[in-house]
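This report is meant for a reader who is meeting the structure for the first time. Please look over the sequence and the model before reading on.

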Amino acid sequence: MKRSEVNRDNLSPMMQQYMEIKDEYENELLLYRLGDFYELFFEDALIASRELELTLTGRVAGLEERVPMCGVPHHTVKSYIEKLVSKGYRVAIVEQLEDPKTAKGMVKRGVVDVFSKGTIADADLLNAKESSCISSLLLFDEVIVMCILDLSTSYLATLTIPNALDKLVNEIHNYNIKEVVVKSDFDKSIINILKTNYGIEISYNDLFIEDKYATLINKINDIRIKMGVKHLFYYVDHKILKDLSYITDIDYINRNLYLEMDIHTIRNLELTETVRLKDRMYSLIWLIDKCKTAMGSRKLKLWLLNPLKDKEKIYERYDKIEKLNNEFILKDELKKALFEIYDLERLTGKTINGALNPRDLIQLKKSLEVLPQIKEICQKLNFNYNINTHQNIYDILEKALIEDAPISLKEGGIIKDGYNQELDEIKSIRSGGKEFIAQFEEKIKNQTGIKNLKIGYNKVFGYYIEVSKGQKNLVKEEFKWERRQTLTNGERYISPELKEKEAMILNAEEKINNLEYDLFMEIKEIIKKEIVNIKNTADIISELDCLVALAVCSEEYNLIRPNLNMEHVVEIKNGRHPVVEIVNKKEYVPNDCILNKGINTLLITGPNMSGKSTFMRQLAIMSILAQMGSFVPATSANLPIFDKIFTRIGASDDLVSGESTFMVEMKEAKNAILNATSDSLILFDELGRGTATYDGISLAQGILEYISENIHAITLFSTHYHELTHLEKKYPNIKNVHVSAIEENNSITFLHKVKNGAIDKSYGIHVARLAGMPDKLLNRATDILNNYEKKKNNNPHNEIQLSLDFTKDEKDDEIKTKLKDLDVLNISPIEALNILYELKKDIDKDN
Ligand code: ADP
């Protein structure tokens, strides 16, 4: 049954109300609160039953057929919302908007919350270690203005990027943007790629918010950013129904302050997830994230993806790490204190936009409780943080909240005695009432002589007196009890006195719950006023957490403080790849890496599996760690401050689908060549192997020469083309190194040690043997190889493109000699034709 085809006049009033609301929310799955369930109807029900594996039922709604329906219990609704949203659906929640007891006619209902991929503000529905953002994208001539919002922490930022897909993808990855809001005329090809390749939710909006939020918007000078914020805010305010008035600041991101890395580099270096399994485990962030708080983890990831370029700022972080390591007792105290802190950032987000519950406030209280201690430790460490301990909020929470308050807001049990006089008074009435019941039971037992009577309570009759069957005859008319229920074992009665007290007790109960709810809301409002300050505190705490984590890493992984220079000097002694070192069972072989203005390019040869790409990645990872403010894995390190890192390592990425591996490889190389500067780091791993040998060698050489002559970037270039190693002679800035291996009895042992000079052997067959190829095949391959080698050695011009020479044939020389000896002017045409015929026959015979 289709919703659009239903005759609405026949529908029940409740269903008509549903239809009206659904008309406004065509694109959302409507979860409609009925009693203890959220129900979905029509097509929404079909989708939800399929996606959530729920039973599809039907509801009588005035039509001949029942309306398709399925539902989820209200107390578990969050997990269902999360599932639907992660599958790309939008969800709208419909609640009663008025109290059914006081409402006249149909209770008013309406949408109170909308969930989409990028606007979930409730910490319970989010991954604690990942930020989660929505961004508006507005196109102006050559640039895209991005306004990025994390609703779970009320963080708003803006940045302007060139109108290029790769740049956009980088930022989407950087800020974990889950949803973008665009105008309906936005570039469809970009939209398609974002949607299909990166799973980004696309939301369309052509409107801009007007006066609302003027205080924030008026602070912005750039008209384009103003428009971006208005565009984003219209969508979030009108379509997602979220209040944004607590966002008072905007962070202007200046990309120039940070080391630039594209998405390939981030992926190839496995900074946040591994290439193969796309898993956080065994990535660099997995290794270094020793944070005690979720907000620290999120910040550390941001630091890792945005290493700094300002030496002073980087050194500030080093100084703090050093201080923490020196003052290890204070560091341990700090670690313990940080462990007590909950996700303050997201608690503030929940206070504004989520369903804040009493447990959240207990978490807030516990977090605030350790702030004075953290403040004191910072003072002792001479860290210049201005930590606000929010004593006033703490005092209120401490005075008001019962420690084991329930999650539910409606059932009381939240507020402590002594916090509010009125509440205390009603509570004493209630407890007085309960005492009365106990005394009343005793009293009437004595008065009536019915020894085993009991006072009980149920929802239907309220308080009642229960008398067992055997003593029923002791109940007298004069008691004025009214019989209410007959049980197999006895009778239940009510009495006027009991009813009078019952009203008082039940009233008190309801009043208490209502008043506790109101008091909770009052406290929530007080906290809301402090949100900006709490956010500042959260920012400091997460920074401290990152620094402590890096200090812990430096000890645990034996890292050292690097020196940074502006002279393009790399001097690494015994450098290591931190993840390979920890994850691999084998002993890690440390390597030096020395480069400077004179020699800025290493041409790395060595067998497959010897450790060429590990050595290359090692330099990049060390530089990223150094520039994010971390110590590095080496015995000493002097590193340049890089402006950009480019890598072309490993399998190609799926950024532009439908292109060959080689095309993608060339595009990535082009990107590096066009954008790198002399301050950049370029890593090219076996560039050119995606095409035929000659093409590959020629391109690789061309690219190396171009970088050497025009860019002067620090470059590590690994290759299988031994022919390239002669470039060392031509370009003084290029140096050959190789990763060593030893060959014994047809087997190979990798030493993983980087040494000067080149090697001229590939050991491909040895590696194939290690891989378990059949012996017969390997023997044949060895024969073929020996044949090639022989021909190579017989050829006097075997300097470059050796493999070409292998195809030359002695036959060619024979033909050449014959032609050379021919006196063309002294032969007749028929003789010429005969000679030509013979030559052709010769060639044909050989083929
Ligand atoms: P290549 O790029 O030369 O094919 P890789 O860099 O991929 O080789 O290294 C292959 C494997 O060798 C790695 O997965 C790692 O286990 C090991 N390896 C590399 N470098 C080292 C090293 N310095 N010390 C110990 N093991 C290493």
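How many bridges join strand E15 to strand E17, and in which direction do the two strands run relative to each other? Four bridges join E15 (residues 462-468) to E17 (residues 490-494), and the two strands run antiparallel. Within this pairing, Tyr493 of E17 is the bridge partner of Ile465. The model in view is a predicted one.

## The chain as a whole

The chain holds 28 helices and 27 strands. Its radius of gyration is 38 Å, well over the 29 Å that the globule rule gives for 847 residues, so the chain is more spread out than a compact globule. The C-alpha trace spans about 150 × 75 × 60 Å along the principal axes of the chain.

## The antiparallel sheet and its helices

Strands E15 and E17 belong to an open sheet of four strands, which follow the order E14-E15-E17-E16 with antiparallel pairing. At the edges lie E14 (454-458) and E16 (482-486), each of which pairs on one side only. From one strand to the next, the twist averages 40°.

Helix H17 (residues 421-448) packs on this sheet, where it touches E14 and E15, and its direction makes about 140° with that of E14. Helix H18 (residues 496-556) lies across E14, E15 and E17, and it runs at about 140° to E15.

## The mixed sheet

Another open sheet is formed by four strands in the order E18-E22-E19-E20, and here the pairing is mixed. Its edge strands are E18 (563-565) and E20 (591-595), each pairing on one side only, while the twist averages 20° from one strand to the next.

Three bridges join E18 to E22 (residues 636-640), and these two strands run parallel. In this pair, Asn565 has Pro640 of E22 as its bridge partner.

## A pair of packed helices

Helix H13 (residues 344-353) packs against helix H14 (residues 358-369) at an angle of about 140°, and the axes of the two helices are 11 Å apart. The crossing in which H13 passes H14 is left-handed.

On the H13 side, the contact is made by Leu344, Leu347 and Lys350, and on the H14 side by Asp360, Gln363, Leu364 and Ser367. Sorted by class, the residues in the contact of H13 with H14 are three nonpolar, two polar and two charged.

Technical notes
Residues numbered from 1 in each chain as written. Predicted model: local features only at pLDDT ≥ 70, side-chain atom pairs only at ≥ 80, totals over all residues. Heavy atoms only, no water. Axes fitted to C-alpha atoms, helices over the stretch in contact; angles between N-to-C directions. Left-handed = near helix turned anticlockwise from the far one by under 90°. Contact = heavy atoms within 4.5 Å. Nonpolar A, V, L, I, M, F, W, Y, C, P; charged D, E, K, R; others polar. Pairing = 2+ DSSP bridges. Rg over C-alpha atoms; globule rule 2.2 N^0.38 Å.
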